[in-house]
Amino acid sequence: MCKPNQHPDKMDARIKAILIAEGSADIEPELLSTSKALASGPSTAGPGAGVGSFFFRSGGHRVRLEYKRDPDATLIVRRIDEEAAGGGSDAGDVDAGIDENDDARDTRAAGDEEVDAGNVGGGDDLVIFCGGRELVRGRIEPALLHCPEQAYITLSESCIFDCTFCPVPKLGGRTKTRGEVLRMVDDASRIGNLRAISITSGIERSPGEEVTRAVDLVKALTKYNLPIGVSVYPTGDSSIRMKNAGAVEIKYNVETMDREIFGRVCADMDLDFVLASLEDAVNIFGRNCVFSNFIIGLGESDRTVREGVETLAGIGVIPILRALNLHPLRPDLKNVCPDAARPDADRLLRLARFEREVLDAHGLRADVAETMCLPCGGCDLVPHWDV
Ligand code: SF4
């Protein structure tokens, strides 16, 4: 799977695809614990919930990797100076491959959903080995709240729906109070480098209650004068209410555009209703402001993905092609999707390039998004940025 460059240095689309396909890396705890702020803690949202991760930046690209301790891992992260001193591979010039723009980033940050203004630091120059060969050099990029430069907050950490790829229903977390969320955003804004506020939520009791909770918060958060994006399960009037509250972007997830697979994995959801809500959202928020997560790896064909991307782009929605995360809390996914597997780098790259072509044909731009996953880009190949 690893196809290291002859002269590895900065990340490019192919290297990012390799990193996303692998998804996790062995990394020494000291590289993360030099500042607790350097890595995001366990996420509380969506298919990546419950897993700790860190952000790696190189060549103007960003990727999120789950961290683990496993000397036999395919991806291994080490300090460049150690490799240079200790031999390693052909480490060469220890400064090679570090983007000067990356050096200039604000290194203050916080753990996942817990702002930690203390012990800030970072700037370790790192190398990622893939299958024992040097793949790419870069550095850890601090998260602010869940991801870099955003306060991305999960309101309800539980869900009455039971999509079989998602650990949230099994984690059964709590729902944050309004005061808690406001305090978190306030702390993040005081730390600095806060460019956007993003809100997502599971469904504690009903979709309508979550929409009301999010609307109430959006109204309170407009005082920061930052773009606000919201990702929830839609209701009949969720888009107009979010827009009137002050949100600028919205995300309703289709999860998959393979209707047969959708019926098996998202039995509590209604794909036609989500699609109608997305179309309605484009009328309210405008083109380039409405997004939808589309999981790759549930057993769907490339053809289904291509048709789904065309359908979404055709109504003005930007799909976010998200590699399936096989979560240990959801072994039951294999019962309903025996072919479920994380996609390989070639497939991710092929589909991302296809999406870029489709977006271009429809006059859509993924790189103008201001909130949520597109400007973060940690989990996906983002059209117009990575490809
Ligand atoms: S791409 Fe989205 S889910 Fe992934 S780390 Fe960034 S904000 Fe979180």
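## Overall make-up

Helices (H or I, at least four residues) and strands (E, at least two) are DSSP runs, numbered from the N terminus. On that basis the protein chain has 14 helices and 14 strands. This is a predicted model, in which local features need pLDDT of at least 70 and side-chain atom pairs count only at pLDDT 80 or more, while totals for chains, interfaces and linings use all residues. Residue numbers start from 1 along each chain as its sequence is written.

The protein chain contains 387 residues, of which 52% count as buried. A residue is buried if 20 or more other C-beta atoms lie within 10 Å of its own, exposed if 12 or fewer, and partly exposed in between, with C-beta atoms placed from the backbone. Two residues are in contact if their C-beta atoms, placed from the backbone, lie within 7 Å. Among contacts in the protein chain with a separation of 6 or more, 75% come from residues 24 or more positions apart.

## Ligand shell

Arg-64, His-146, Cys-147, Tyr-152, Cys-373, Cys-376, Gly-378, Cys-379 and Asp-380 surround the ligand. A residue is near a molecule if its C-beta atom, placed from the backbone, lies within 6 Å of it. Strand 8 (146-147) and helix 14 (373-376) each contribute at least two residues to this shell.

By class, the shell around the ligand has five nonpolar, two polar and two charged residues. Ala, Val, Leu, Ile, Met, Phe, Trp, Tyr, Cys and Pro count as nonpolar, Asp, Glu, Lys and Arg as charged, and the others, Gly among them, as polar.

Axes are lines fitted to C-alpha atoms, for helices over the stretch in contact, and angles run from 0 to 180 degrees between N-to-C directions. Angles under 35 degrees count as roughly parallel, over 145 as roughly antiparallel, 65 to 115 as roughly perpendicular and the rest as oblique. A crossing is left-handed if the near helix is turned anticlockwise from the far one by less than a right angle, and right-handed if clockwise.

Val-211, Ala-214, Val-215, Val-218 and Lys-219 of helix 7 make the contact with Ser-238, Arg-241, Met-242 and Ala-245 of helix 8. These residues comprise six nonpolar, one polar and two charged. Ser-239, Ile-240 and Lys-243 in helix 8 meet Ser-277, Asp-280, Ala-281, Ile-284 and Phe-285 in helix 10. Four of these residues are nonpolar, two polar and two charged.

## Helices 1 and 13

Helix 1 (residues 13-22) and helix 13 (residues 345-361) pack at about 125°, with their axes 8 Å apart, and helix 1 is therefore oblique to helix 13. The crossing is right-handed. Helix 1 supplies Ala-13, Arg-14, Ala-17, Ile-18, Ile-20 and Ala-21 to the contact, and helix 13 supplies Ala-345, Leu-348 and Leu-349. Eight of the contact residues are nonpolar, none polar and one charged.

## Glu-260

Glu-260 lies in helix 9 (residues 259-265). Glu-260 is exposed because 10 other C-beta atoms lie within 10 Å. From Glu-260 to Glu-300 is 40 residues in sequence and 9.3 Å in space, C-alpha to C-alpha.
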